[in-house]
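Welcome! Shall we get to know a new structure together, one question at a time?

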Amino acid sequence: MLSFDHLSADVVRPDYDRQKLKTRMVHIGFGAFHRAHQAVCSDRLASERGSDWGYCEVNLNSGELIQALKQQDYCYTVAEMSGDQMALRVIGVVKDALHGKSDGIDAVIEALAQPDVAIVSMTVTEKGYCYEPSSGKLDLAHPSIVHDLAHPDAPTSLPGIILAGIVRRRERNLPPLSVMSCDNMPENGHVTRNVVLGLAEKQSHELAEWIAQHVTFPSTMVDRIVPAMTDETHAAMRDKLGCDDPVSVVCEPFLQWVIEDNFVSGRPEWEKAGAELVSDVLPFEEMKLRMLNGSHSFLAYLGNLAGYQHISDCMADPYYRQAALSLMLDEQAPTLSTQGVDLPAYANSLIARYENLAIKHRTAQIANDGSQKLPQRWLDSIRWHLKHGGSYDLLALGVAGWMRYVGGVDEQGQPIEIRDPMRDRLAQRVAETADGEARIAGLLSLKAVFGEDLAAEPAFVAKVNHFYQLLREKGAKETVKIALTQA
Ligand code: NAI
Ligand code: CS2
């Protein structure tokens, strides 16, 4: 357990009066990322500007972290790591914490309906939104949504819980909420609005109209590489801290947060703690999702197939490094509407971040949930190239790599554990098709991922077939090399 008595002197501690914090924000998804990103900014603000914006943290599924957090008086440690440097900070901006299962969903809805609460934010992974990735619309066939339509007062899904919180606030005549997604989706505010309004519309048109008029859904671009904690990183933290902190998290020094300034009941002055408040986040989101996350997913699938465990291992292979850079600059950058950003400098800064040997970011972690990630990271760019006649070989290789990966067997013949909300559908397509053209056609016919159009684009299908065949015959390392010399 984290204990201030044992902390070494160089650990930064909360230097503000924690009693003065109020629970003005509820955050759903107390995962690694939130702990190292939004909570850090809010903590800096409390420390440097005396902000009183505190959090109630909520986890809907896993309860262990919430339990541990409570035992440590709601404090935990963040370690920024670069090379052999480690900077530690204790975060003190959390006031309260709830676990959906043990505290009950009603306690979560009640937290959302407290008078002081002005913002609910989320980091629940793309799949938490229960939407169809290719269209961004609520998936009405999603089992949790089917449940929530039948039981609106006892919801289980993120959209259902937020909706119930909004309804309870309205019943009590409380000021409306701002609902802020901090997940890696393009126009994440619009996606959130779509799913909440989609569900509300099924309850009553009048309710949906009221929410559309009163509740805001600011979009955000969020960036900081925060890998899942491992036994090794926990041990490194223990050595440095002099005690165990099960809630601790390790991350890179870099942090970026661009927020659409669209809050209906006030917000912390995050701009005074390093965030950028803007009127339109989309150009920033697209740039980050396509350049950073797009190259990440490429390295995740092609790297994992080649036996590279971490992103930094991929960077040690000059062809993978060059492929990531070329994917960003030659195939993603031309698709962007971003103005005034030096994209080559941005791409080089991303490569430098990937090379940080202190950050052990597993390719298998990034490879998770591909069905939710491909549309915004690769497929929209491919559509752009099909329309404008650009070259997209590396993007097509990425798609072929994902298809090999979800085939479930690596290049050494070992099984790959597929973690994806569409795992059963993927496994079914794989099982009912012969490896090769039929498998590719089977996977491309998944409209929730590829939409209606891509399977009907002969040039795209031919490219994916070409690289898939090369991957089968020559393996990932050789294919990446060939793709680079072809490009
Ligand atoms: P994590 O695995 O540590 O935490 C995931 C959180 O999502 C947990 O709190 C879990 O309870 C919740 N969750 C998962 N499935 C859910 C569902 N169906 N409904 C409701 N809650 C659900 O992952 P981490 O690292 O915190 O990342 C979460 C998300 O944050 C990512 O998917 C991404 O969208 C965003 N992000 C992560 C970055 C990173 O480097 N880790 C950086 C930028 C954004
Ligand atoms: C990664 C991201 O897991 C993934 O899919 O691409 O979490 C990535 O680390 C962050 O977006 C960096 O900001």
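Here are some questions and answers about this predicted model.

Q: How far apart are the end C-alpha atoms of helix 21, and what span should its 17 residues give?
A: Helix 21 runs over residues 458-474. At 1.5 Å a residue, its 17 residues should span 24 Å. The end C-alpha atoms agree with that expectation, as they are 24 Å apart.

Q: Which residue just after helix 21 takes a positive phi?
A: Helix 21 covers residues 458-474. Just after this helix comes a residue with a positive phi of about 85°, and that residue is glycine 475.

Q: What covers the buried residues of helix 21?
A: The buried residues of this helix are Phe460, Val461, Val464, Asn465, Phe467, Tyr468, Leu470 and Leu471. Their cover includes helix 11 (282-306), helix 16 (370-388), helix 17 (393-406), helix 19 (437-444) and helix 22 (476-486).

Q: How many nonpolar, polar and charged residues are in the contact of helix 17 with helix 21?
A: Helix 17 passes helix 21 in a right-handed crossing. Helix 17 brings Asp393, Ala396, Leu397, Val399, Ala400, Gly401, Met403 and Arg404, while helix 21 brings Phe460, Lys463, Val464, Phe467, Tyr468, Leu471 and Arg472. By class, that contact has 10 nonpolar, one polar and four charged residues.

Q: Is the crossing of helix 11 and helix 17 left-handed or right-handed?
A: Helix 11 and helix 17 pack with their axes 9 Å apart, at an angle of about 55°. That angle makes helix 11 oblique to helix 17. Phe298, Tyr301, Leu302, Asn304 and Leu305 in helix 11 are the residues that meet helix 17. The crossing of these two helices is left-handed.

Q: Does aspartate 103 count as buried, partly exposed or exposed, and what is its relative accessibility?
A: Aspartate 103 lies in helix 4 (residues 100-103). Buried would mean under 20% and exposed over 50%. Aspartate 103 therefore counts as partly exposed, with a relative accessibility of 33%.

Q: Which residues does aspartate 103 touch, not counting residues up to four places away in sequence?
A: The C-alpha atoms of aspartate 103 and glycine 63 are separated by 9.6 Å, although these residues are 40 residues apart along the chain. Leaving out residues up to four places away in sequence, aspartate 103 touches Lys70, Ala97 and Leu98.

Terms used:
Residues are numbered from 1 along each chain as its sequence is written. Chains are lettered from A and ligands numbered from 1 in the order in which they are written. This is a predicted model: local features need pLDDT of at least 70, side-chain atom pairs count only at pLDDT 80 or more; totals for chains, interfaces and linings use all residues. Side-chain values use heavy atoms; hydrogens and water are left out. Helices (H or I, at least four residues) and strands (E, at least two) are DSSP runs, numbered from the N terminus. The expected span of a helix is 1.5 Å times one less than its number of residues. Buried means under 20% relative accessible area, exposed over 50%, partly exposed in between (1.4 Å probe, protein chains only). Contact means heavy atoms within 4.5 Å. Axes are lines fitted to C-alpha atoms, for helices over the stretch in contact, and angles run from 0 to 180 degrees between N-to-C directions. Angles under 35 degrees count as roughly parallel, over 145 as roughly antiparallel, 65 to 115 as roughly perpendicular and the rest as oblique. A crossing is left-handed if the near helix is turned anticlockwise from the far one by less than a right angle, and right-handed if clockwise. Ala, Val, Leu, Ile, Met, Phe, Trp, Tyr, Cys and Pro count as nonpolar, Asp, Glu, Lys and Arg as charged, and the others, Gly among them, as polar.
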